[in-house]
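Hi,

Here is the structure I promised to pass on. Have a look at it first, and then read my notes below.

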Amino acid sequence: MLMTMHRVAHAIYKRRIPVIPRLIYVLQYLVSNSAVPPSTKIGKRTKFAYRGIGVVIHKEAIIGDDCMIGQGMTIGGRSKHIEVPIIGNNVYMGAGSRVLGPIKIGNNVIIGPNAVVLSDLPDNCIAVGIPARIIKENVNVNDFI
């Protein structure tokens with residue numbers, strides 16, 4: 001439901017209609033206690049786990065296709081940095097994880113639950129921990145999900 005609401009709000013936002021996207025944003029906040037602004041670019045077939053409860057995404061973040069965003073997740077900036085994360089395709093982001101700062105997440109990546117990602121992640125890897133570190137490379141994400 002959250003994804004549908006976001007897609008409608010984003011389509012209206014791109015047409016520069018100011019009031020309706022804001023109303024949808026407030027409604028999604030009330031329904032799922034999440035903050036996903038209409039200006040956020042989210043790819044096709046990307047899903048939110050458990051209706052996106054507690055998800056916070058920066059208004060300028062870019063998320064690729066076929067991603068899974070866990071509940072309680074944050075995608076945003078860091079102090080003294082203007083840029084925000086760019087997330088590739090087919091990325092699984094576990095519950096409670098954080099992706100922060102001017103970083104790029106590659107394609108086919110798994111970010112473990114409660115991980116805090118502060119630096120770039122290459123394609124086909126698994127990252128866990130605080131701060132997140134790569135524990136396995138050259139993986140097929142579909143084998144784990």
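His-6 sits in helix 1, residues 2–14 (helices are DSSP runs of H or I with at least four residues, strands are runs of E with at least two, and both are numbered from the N terminus). Before I go on: this is a predicted model, where local features need pLDDT of at least 70 and side-chain atom pairs count only at pLDDT 80 or more, while totals for chains, interfaces and linings use all residues. Residues are numbered from 1 along each chain as its sequence is written, and side-chain values use heavy atoms, with hydrogens and water left out.

Back to His-6, which is buried at a relative accessible area of 2% (buried is under 20%, exposed is over 50%, partly exposed is in between, with a 1.4 Å probe and protein chains only). Its side chain reaches the backbone oxygen of Pro-37 at 3.5 Å. Leaving aside residues up to four places away in sequence, His-6 touches Gln-28, Val-36, Pro-37, Pro-38, Thr-40 and Ile-42 (contact means heavy atoms within 4.5 Å).

Next, the inside. The largest nonpolar core has 28 residues, and Phe-48, Ile-57, Met-93, Ile-105 and Ile-111 touch the most other members (such a core is a set of buried Ala, Val, Leu, Ile, Met, Phe, Trp, Tyr and Cys residues joined through side-chain atoms within 4.5 Å). Helix 1, strand 11 (109–111) and strand 13 (125–128) are the elements that give two or more residues to this core. Beyond residues up to four places away in sequence, Phe-48 touches Leu-2, Met-3, Val-36, Ile-42, Val-55, Ile-57, Met-68 and Ile-69.

With residues up to four places away in sequence not counted, Ser-32 touches Leu-2, Arg-51, Gly-52, Ile-53 and Gly-54.

How many salt bridges does a search of the whole structure find? The search turns up 1 (a salt bridge is a side-chain nitrogen of Lys or Arg within 4 Å of a carboxyl oxygen of Asp or Glu). It pairs the side chains of Asp-66 and Arg-45, at 2.7 Å from N to O. Asp-66 is in the loop between strand 4 (62–63) and strand 5 (68–69), and Arg-45 in the loop between strand 1 (41–42) and strand 2 (47–48), so the pair ties together parts that are 21 residues apart in sequence. Asp-66 is partly exposed, at a relative accessible area of 34%, whereas Arg-45 is exposed at 52%.

Some backbone details to finish. Ile-130 and Pro-131 are joined by a cis peptide bond, with omega about -15°, and Pro-131 is in the loop between strand 13 and strand 14 (133–137). Tyr-50 has a phi near 50°, a positive value in a residue other than glycine. Tyr-50 lies in the loop between strand 2 and strand 3 (56–57) and is exposed, with a relative accessible area of 61%.

Cheers

Key. A polar contact is a pair of N or O atoms within 3.5 Å; within protein, one must be able to donate a hydrogen and the other to accept it, and residues adjacent in sequence count only if both atoms are side-chain atoms.
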